[in-house]
Amino acid sequence: MNPENRQNEPVPAGNGRHIRRAVVTGGAGFLGSHLCTELRRREVEVVCLDNFLTGTAVNIEHLIGDPGFRLVQCDVTDFIHVPGDVDLVLHFASPASPIDYLNLPIHTLKVGSVGTLHALGLAKEKGARFVLASTSEVYGDPQVHPQAEDYWGHVNPVGPRGVYDEAKRFAEALTVAYRGQHDVDTAIVRIFNTYGPRMRPRDGRAIPTFIRQALAGEPLTVTGDGAQTRSVCFVSDLVRGILALAWSDQSGPMNIGNPHELSVLQIARDVLAATGSEAPIEFIDRPVDDPKVRRPDTTLAREVLGWEPEVPWQQGLASTVEWFRSAVEREDLVESGQG
Ligand code: NAD
């Protein structure tokens with residue numbers, strides 16, 4: 001079974017919240033587009049705000065023409081205006097892969113600060129629930145393993161990754177301030193590495209890079225000795241967790257991710273097996289400040305939301321490889337819209 005079809009579970013009851021209309025910033029991106037799709041499946045009207053900096057309209061083309069879906073091309077660092085009622089704001093606009101945020105360092109800081117300010121302002125104006133897409137990167141190169149929400153992190157603010165990590169840490173602080181000072185009903189989700197269909201083959205993240213290389217018969221470029229770990233979550237599990245948080249009355253921060261930890265070398269080997277490729281593995285330099293280990297402690301999400309990841313790695317990987325085989329043929333489309 002395609003794991004994307006596993007989302008046919010009932011809408012989470014949460015605290016009985018009634019969500020009829022949602023705004024998704026960054027809705028044309030990898031995660032945003034899956035959120036828009038699932039919200040429409042739950043019959044929630046969706047307004048998607050995106051400037052196509054790292055996302056593309058191709059990701060949401062299946063929703064165009066749906067009367068419950070509206071796409072507005074705009075930059076959330078400029079201004080956000082959405083006419084009508086809004087019950088939920090999901091703030092996902094931000095470059096997210098290292099290639100993107102290293103290319104766009106100032107924009108990354110702007111969208112995490114000014115963009116978050118505007119998205120929170122929209123939630124305040126509409127009396128809407130607000131969910132901030134934060135990241136496991138707030139834990140930096142962690143000295144505590146696995147990472148629970150009460151760990152403050154180990155981030156180098158002036159290293160190259162600081163633009164992303166600190167933007168998200170600022171966004172978290174701003175979200176907490178809006179909750180305290182303006183009574184906005186906020187939540188923070190700390191997302192761990194997620195993979196699945198609609199990732200860009202050249203976004204630089206390990207899984208799409210390995211799959212693209214394997215399908216092209218090129219060497220798989222593993223950084224360092226490949227012993228560093230990542231815990232990867234299939235996108236349908238992540239979307240289910242985020243929406244369970246959105247429908248709940250929890251404020252977070254809450255880790256959502258898959259605690260199944262893999263070394264980067266193992267990920268490369270599994271990609272070779274899943275694609276049937278005989279490409280070699282090539283070891284290249286590790287990026288600066290690259291975290292050595294990464295695994296979420298998901299006790300909180302399990303206890304308060306009853307959420308747990310369900311899609312096994314081999315199954316999620318097979319479905320991602322299947323999607324990439326078709327995406328490689330239209331790579332120009334998938335890559336379009338990059339800033
Ligand atoms: P993505 O690059 O595919 O999506 C981000 C979207 O935001 C893109 O469509 C982009 O065009 C849009 N965007 C960027 N700046 C904007 C602006 N100023 N105004 C309007 N739209 C703008 O990335 P993604 O992987 O889908 O990540 C989405 C969110 O989730 C990000 O906030 C990211 O930090 C967070 N996150 C993702 C992961 C992951 O594994 N994918 C992990 C942790 C956190």
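Me: What counts as a helix or a strand here?
Reply: Both are DSSP runs, numbered from the N terminus: helices are H or I with at least four residues, strands are E with at least two.

Me: And what kind of model is it?
Reply: This is a predicted model, with residues numbered from 1 along each chain as its sequence is written. Local features need pLDDT of at least 70, side-chain atom pairs count only at pLDDT 80 or more, totals for chains, interfaces and linings use all residues, and side-chain values use heavy atoms, leaving out hydrogens and water.

Me: Where is Arg 17?
Reply: In the segment before strand E1 (21–25).

Me: Buried or exposed?
Reply: Arg 17 is buried, because its relative accessible area is 18%. Buried means under 20%, exposed over 50%, and partly exposed in between (1.4 Å probe, protein chains only).

Me: Which side chain makes a polar contact with the side chain of Arg 17?
Reply: That of Asp 185, at 3.0 Å. A polar contact is a pair of N or O atoms within 3.5 Å; within protein, one must be able to donate a hydrogen and the other to accept it, and residues adjacent in sequence count only if both atoms are side-chain atoms. A polar atom of the Arg 17 side chain also lies 3.2 Å from the backbone oxygen of Ala 246.

Me: New topic. How many disulfides are there?
Reply: Zero, in a search of the whole structure. A disulfide here is a pair of cysteine sulfur atoms within 2.5 Å.

Me: What about the ligand? How many residues surround it?
Reply: 31, and the closest are Asp 50, Thr 54, Asp 75, Tyr 164 and Lys 168. A residue counts as near if one of its heavy atoms lies within 4 Å.

Me: How much of the ligand does the protein bury?
Reply: 97% of the 820 Å² that the ligand exposes when taken alone. Accessible areas come from the Shrake-Rupley method with a 1.4 Å probe; for residues, only the protein chains shown count as cover.

Me: Which element gives the most to the shell?
Reply: E5, with three residues.

Me: Where does Phe 324 sit?
Reply: In helix H9 (residues 313–329). Phe 324 is buried, at 0% relative accessibility. Leu 215 is 109 residues away in sequence, yet 8.6 Å away in space, C-alpha to C-alpha. Leaving aside neighbours within four places in sequence, the contacts of Phe 324 include Leu 215, Ile 211 and Met 199. Contact means heavy atoms within 4.5 Å.

Me: Which peptide bonds are cis?
Reply: Among them, His 145 to Pro 146, with omega near -5°. Gly 252 to Pro 253 is cis too, with omega near 0°. Pro 146 is in the loop between E5 and H4.

Me: What is the phi of Asp 183?
Reply: Near 60°, a positive value in a residue other than glycine. Asp 183 is exposed, with a relative accessible area of 68%. Arg 198 has a positive phi of about 85°, but Arg 198 counts as buried, at 15% relative accessibility.
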